Amino acid sequence: MDPSSFLPQGHYRQMGVVLNSRVSGERGKNVFLFLREYGPLWATVPGAAAGKSRLSGVSEPLVWGYFTLYRSPRRMYVKEVEVQEDFWALRRSGAKLSMALSLCRHVSRFSLPEHPQDELLPLLYWSMKALEGGTDPHATEFRFLFRWGSLLGVSPQLDRCASCGKRAEEGLLTAEGLTCAACFGNGPRQGGLSLEEMELNRLRKAVMLSGKDFRTELFGTDEDRLFRRASALLARILEGSV
Ligand SMILES: [Zn+2]
């Protein structure tokens with residue numbers, strides 16, 4: 001675990017979220033925060049593992065708020081947390097909680113510490129809102145990864161063939177993009193997602209709907225496999241972009 005290393009000594013206050021939290025020593029915690037302007041960074045919360053600490057509940061994953069930090073010559077400390085949203089309702093459902101934590105892990109894995117990604121913060125927040133509201137977790141994960149990839153310019157186009165540029169209603173989706181049936185011919189289909197028209201339409205819908213329409217769209221559990229496979233592909237693309 002690398003203590004934060006780039007920011008100069010001093011006090012900081014910024015909005016963000018706890019992505020991860022680990023007990024450190026007998027009573028403390030180390031938290032991985034994702035902050036506006038600073039990006040992801042580790043910080044120590046002294047005493048937070050003790051039940052009576054006022055920082056104990058607010059240093060858990062999925063807590064959003066304003067974090068007051070102090071950077072000493074050796075490490076970053078959390079001094080105060082002004083909670084804006086604790087996603088209490090989301091924590092009470094196993095499936096929703098598990099996916100929200102997966103989204104946090106994606107951010108931890110595919111981001112460089114102390115590199116701001118201010119456009120990703122609202123995307124993460126609204127994905128958690130969608131989960132909390134009951135939108136299908138796998139569709140939410142795919143939308144989150146795809147839109148993140150779009151911010152970075154690495155997500156594939158879902159409406160055009162990457163080879164011939166023509167509109168594609170079906171095709172093979174790989175890290176290199178979508179390949180239409182005409183360009184692909186009868187070649188081997190390993191290492192990508194072979195998508196029929198209806199499946200491609202569902203993926204498009206999941207990423208193109210407005211946030212409001214997405215949260216009310218019904219995605220069936222029979223579509224979970226499609227979204228899981230598409231998310232795995234997006235995760236590989238994001239991994240390659242770090
Ligand atoms: Zn083509």
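## A tour of the salt bridges

A search of this whole predicted structure turns up eleven salt bridges. The stops below visit some of them.

**Stop 1: Lys29 and Glu60.** Select both side chains. They meet in a salt bridge, with 2.7 Å from N to O. Now colour the elements they belong to. Lys29 is part of strand 2 (residues 28–35), while Glu60 sits in the loop between strand 3 (39–45) and strand 4 (64–71), so the bridge ties together parts that are 31 residues apart in sequence. Glu60, at 32%, counts as partly exposed.

**Stop 2: Lys129 and Glu85.** Select this pair next. The closest N and O atoms of the salt bridge are 2.9 Å apart. Lys129 belongs to helix 3 (residues 120–133) and Glu85 to strand 5 (residues 76–85); the pair links distant parts of the chain, 44 residues apart. Lys129 has a relative accessible area of 22% and is therefore partly exposed. Glu85 has 17%, which means that Glu85 is buried.

**Stop 3: Glu132 and Lys129.** How far apart are Glu132 and Lys129 in helix 3? They are separated by about one helical turn, because they are three residues apart in that helix.

**Stop 4: a network.** Finally, select Arg202, Lys205, Glu217 and Glu223. Salt bridges with shared partners join these four residues into one network.

Notes. Residues are numbered from 1 along each chain as its sequence is written. This is a predicted model: local features need pLDDT of at least 70, side-chain atom pairs count only at pLDDT 80 or more; totals for chains, interfaces and linings use all residues. Side-chain values use heavy atoms; hydrogens and water are left out. A salt bridge is a side-chain nitrogen of Lys or Arg within 4 Å of a carboxyl oxygen of Asp or Glu. Helices (H or I, at least four residues) and strands (E, at least two) are DSSP runs, numbered from the N terminus. Buried means under 20% relative accessible area, exposed over 50%, partly exposed in between (1.4 Å probe, protein chains only).
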